Amino acid sequence: ALPIYSSRQKQHLISELIKSWGQVICYELLNIYFSNEPQTPLPQDKKDKIFQNFMITLYRYYRQERDVTFYADKQCLSARYFSSVIKEKSGSSALQWIIQNVITEAKYLLDNTDLSIKEIATKLNFPTQSFFGKYFKQYVGISPKEYRNKKTGLLPS
């Protein structure tokens with residue numbers, strides 16, 4: 001028997017589906033962009049270069065590194081100055097960029113793979129499944145298991 005959803009549950013499911021599609025599209029666009037880096041970059045000032053290098057480094061390392069200091073060190077900058085440049089150039093902090101990438105990847109893996117939550121935690125370089133679960137819940141509001149269950153239609157009555 002098919003589950004019966006209230007109109008509120010249907011609206012929530014549609015909203016979540018649209019958000020997921022948007023995230024997947026953004027993820028794929030970033031993947032295409034970084035796979036085909038531009039041949040002739042536009043003229044940039046020092047801060048533009050810092051931001052661009054951060055985005056390239058973030059794309060390469062966000063699965064392993066979630067510490068702003070790591071990304072600042074890659075450019076031989078203090079974390080404080082590095083963070084202020086990223087915020088100035090993008091409107092979001094370096095930490096927000098890192099978190100967004102990690103959470104987007106986690107959601108993608110939960111939505112589109114059969115990997116266990118423990119395997120996803122390992123793939124994203126979390127020390128334990130529990131730590132991953134707390135991190136995910138802090139930024140998404142629900143646990144990875146609850147998120148996956150909502151996506152698969154296993155909503156509690």
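Is Asn125 buried, exposed or partly exposed? Asn125 turns out to be partly exposed, because its relative accessible area is 39%, and that value sits between the cut-offs of 20% for buried and 50% for exposed.

Hi everyone. Before I go on, please remember that this is a predicted model.

Let me stay with Asn125 for a moment. You'll find Asn125 in the loop between α6, residues 117-123, and α7. Its phi is near 65°, which is a positive value in a residue other than glycine. Now hop over to another loop, the one between α3 and α4, where Cys76 has its place. Cys76 also has a positive phi, near 55°, and again we're talking about a residue other than glycine. And how open is Cys76? Cys76 counts as exposed, because its relative accessibility is 72%.

Gln75 is placed in the loop between α3 (68-74) and α4 (79-90). Is Gln75 buried or exposed? Gln75 counts as buried, because its relative accessibility is 17%, and the cut-off for buried is under 20%. So who does Gln75 touch? Leaving out residues up to four places away in sequence, Gln75 touches Lys49, Ile50, Asn53, Phe54 and Phe82.

Two of those names, Phe54 and Phe82, come back when we look at how helices α2 and α4 meet. Helix α2 covers residues 46-61, and its axis comes within 9 Å of the axis of α4, crossing at roughly 95°. The two helices are therefore roughly perpendicular to each other. On the α2 side, the contact is made by Lys46, Lys47, Asp48, Ile50, Phe51 and Phe54. On the α4 side you have Tyr81, Phe82, Val85, Ile86, Glu88, Lys89 and Ser90. If you sort the residues of this contact by type, you get seven nonpolar, one polar and five charged.

Helix α5 runs over residues 94-112 and helix α7 over residues 129-140, and they pack at an angle of about 105° with their axes 11 Å apart. That angle makes α5 roughly perpendicular to α7. From α5, the contact uses Ile99, Val102, Ile103, Ala106, Lys107 and Leu110. From α7, Phe132, Tyr135, Phe136, Tyr139 and Val140 take part. By type, the residues of the contact of α5 with α7 are 10 nonpolar, no polar and one charged.

Keep Lys107 in mind, because that residue shows up again with Gln23. Gln23 lies in helix α1, residues 7-35, and Gln23 is buried, with a relative accessible area of 18%. If we set aside neighbours within four places in sequence, Gln23 is in contact with Gln100, Thr104 and Lys107.

Now Val68, which has its place in helix α3. Val68 is buried, with a relative accessible area of 12%. Val68 and Ala94 are 26 residues apart along the chain, yet their C-alpha atoms are separated by 6.4 Å. Besides Ala94, and not counting residues up to four places away in sequence, Val68 touches Phe82, Ser83, Leu95 and Ile98.

Last topic: the rings. How many aromatic pairs does the structure hold? It holds 11 of them. Take Tyr61 and Phe70: their ring centres are 5.2 Å apart and their planes are at 65°, so that pair is edge-to-face. Phe70 and Tyr71 also form an edge-to-face pair, at 5.0 Å centre to centre with 90° between the planes.

Key: Residues are numbered from 1 along each chain as its sequence is written. This is a predicted model: local features need pLDDT of at least 70, side-chain atom pairs count only at pLDDT 80 or more; totals for chains, interfaces and linings use all residues. Side-chain values use heavy atoms; hydrogens and water are left out. Helices (H or I, at least four residues) and strands (E, at least two) are DSSP runs, numbered from the N terminus. Buried means under 20% relative accessible area, exposed over 50%, partly exposed in between (1.4 Å probe, protein chains only). Contact means heavy atoms within 4.5 Å. Axes are lines fitted to C-alpha atoms, for helices over the stretch in contact, and angles run from 0 to 180 degrees between N-to-C directions. Angles under 35 degrees count as roughly parallel, over 145 as roughly antiparallel, 65 to 115 as roughly perpendicular and the rest as oblique. Ala, Val, Leu, Ile, Met, Phe, Trp, Tyr, Cys and Pro count as nonpolar, Asp, Glu, Lys and Arg as charged, and the others, Gly among them, as polar. Rings of Phe, Tyr and Trp (its six-membered ring) pair if their centres lie within 6.5 Å; planes under 30 degrees apart count as stacked, over 60 as edge-to-face and the rest as tilted.
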